[in-house]
Amino acid sequence: MSRSHELFEAAQRHIPGGVNSPVRAFRGVGGDPVFFERAEGAYAYDADGKRYVDYVGSWGPMILGHAHPEVLGAVEERMRKGLSFGAPTEVETQMADTVCELVPSMEMVRMVSSGTEATMSALRLARGYTGRDKVVKFEGCYHGHVDSLLVKAGSGALTFGEPNSPGVPAALAELTITLPYNDIEAVRETFAEIGSEIACIIVEPVAGNMNCIPPLPGFLEGLREVCTEHGAVLIFDEVMSGFRVSLGGAQGHFGVTPDLTTLGKVIGGGMPVGAFGGKREIMEHVSPVGPVYQAGTLSGNPIAMAAGLKTLELISEPGFYDRLTATTSELLAGLRERAAAAGVPFTTNQAGAMFGLFFSAEPVTGFDQATACNQDHFKAFFHGMLERGVYLAPSSFEAGFVSIKHGEAEIQATLDAAAEVFAEIAG
Ligand code: PMP
């Protein structure tokens, strides 16, 4: 019996499903989750000592690769000064200055401890600022487990078939309007009808929670126009795409400016960090300057700030994103080639260093196509790759990530494994 299996059995005694976040369970693909022991660079090692090329990277944060010595060094140094104060520290200002410099639409920013907190706070702020209650989101987008946003949600909610979670009061869910991603006409029609009641649109500017679906040309631009016209707040949820699609996030890459932005994942370099920010005029409605309440005992934790700041410093080096994006393109081209050689219908999406793998003959530009992909092929691919030492997200509704430590050797090993697995799938 494997150590992972033993650990999973033990974990289930006191932890629901044996995991502290549902996407870690292998519910979408079957089998036991792998328990990890340590990780370094592009590799993660499980409790049985098996090595994997890791394309999950803690679901996005590990863009520098695991256990980067400079990030660990920054954490160690900061840690010795005390773990938390609940009072302001200089490193929080350094973080705010850095974020506002890298993402110019953010004139002010508040740090929180998760992506969920960031979107929850941004939503409350948009409602408080506009005095309106309704919010627009898109089917298959996931914005954390915020009550108002667990409506037709993506990620684990979609994988486990519960996009509308029990426990969210119907009275609250009624205020959430869900529209099809990449369908700007649906947005225009909704705003033409009830635009004056809508506080905000929240969108993943590159969808990463129904697999990876980039915006169609004109979609983000259209959202910007509609929000400006109707006085609604445009929120880009860049928890995943921020510092991932490009250094300036999806907004920098596509050249569309939101009113508010939410960040997470990369900004903490693997520590629990999130942030929301944007136009000064809106952010000045946040407590203690304004009346919209938002707070956090551990917000801006100095150790987490140190890890995040060092990460932001290292990803700002010239050429970083060119290399990361080129590696991602090379991986995807290689996978498409090998699938074609085996005769398996397969396509990929890419936005910077974010990617999606689809068992589909057609391009995937929306929720309906993403959910119509061949699930059996995905499961077989996932398990075949896992067996051969390649760790992919255990769901067909998640994006994948490379790190700067993924080089020729890791890509080649991945493609060699994929050639064998595609051949097995083709039968
Ligand atoms: N927004 C997006 C776009 C995300 O991808 C996620 C997490 N995958 C969240 C919000 C929630 O972040 P967290 O899990 O840190 O609460």
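This is a predicted model: local features need pLDDT of at least 70, side-chain atom pairs count only at pLDDT 80 or more; totals for chains, interfaces and linings use all residues.
Me: What does Ala275 touch?
Reply: Setting aside residues up to four places away in sequence, Ala275 touches Val99, Val109, Arg110, Met111, Val112, Ala118, Leu263 and Ile267.

Me: Switching to the ligand, which residues come nearest?
Reply: There are 17 residues around the ligand, and of these Ser114, Gly115, Thr116, Gly144 and Val239 come nearest. Helix α4 (residues 115–130) gives the most to this shell, with 3 residues.

Me: And how does the shell around the ligand split by class?
Reply: The shell has 11 polar, 4 nonpolar and 2 charged residues.

Me: What does UniProt say about Lys265, and where is that residue found?
Reply: The unreviewed UniProt entry carries the annotation "modified residue: N6-(pyridoxal phosphate)lysine", which covers Lys265. In the model, Lys265 is found in the loop between β9 (260–263) and β10 (274–278).

Me: Is Lys265 buried or exposed, and why?
Reply: Lys265 is buried, because 26 other C-beta atoms lie within 10 Å, where 20 or more count as buried.

Me: Which residues is Lys265 in contact with?
Reply: Leaving out neighbours within four places in sequence, Lys265 is in contact with Trp59, Gly60, Pro61, Gly115, Val239 and Met240. Gly115 and Val239 also belong to the residues that come nearest to the ligand.

Terms used: Residues are numbered from 1 along each chain as its sequence is written. A residue is near a molecule or strand if its C-beta atom, placed from the backbone, lies within 6 Å of it. Helices (H or I, at least four residues) and strands (E, at least two) are DSSP runs, numbered from the N terminus. Ala, Val, Leu, Ile, Met, Phe, Trp, Tyr, Cys and Pro count as nonpolar, Asp, Glu, Lys and Arg as charged, and the others, Gly among them, as polar. Two residues are in contact if their C-beta atoms, placed from the backbone, lie within 7 Å. UniProt positions are given in the numbering used here, feature names are shortened, and annotations may be inferred rather than shown by experiment. A residue is buried if 20 or more other C-beta atoms lie within 10 Å of its own, exposed if 12 or fewer, and partly exposed in between; C-beta atoms are placed from the backbone.
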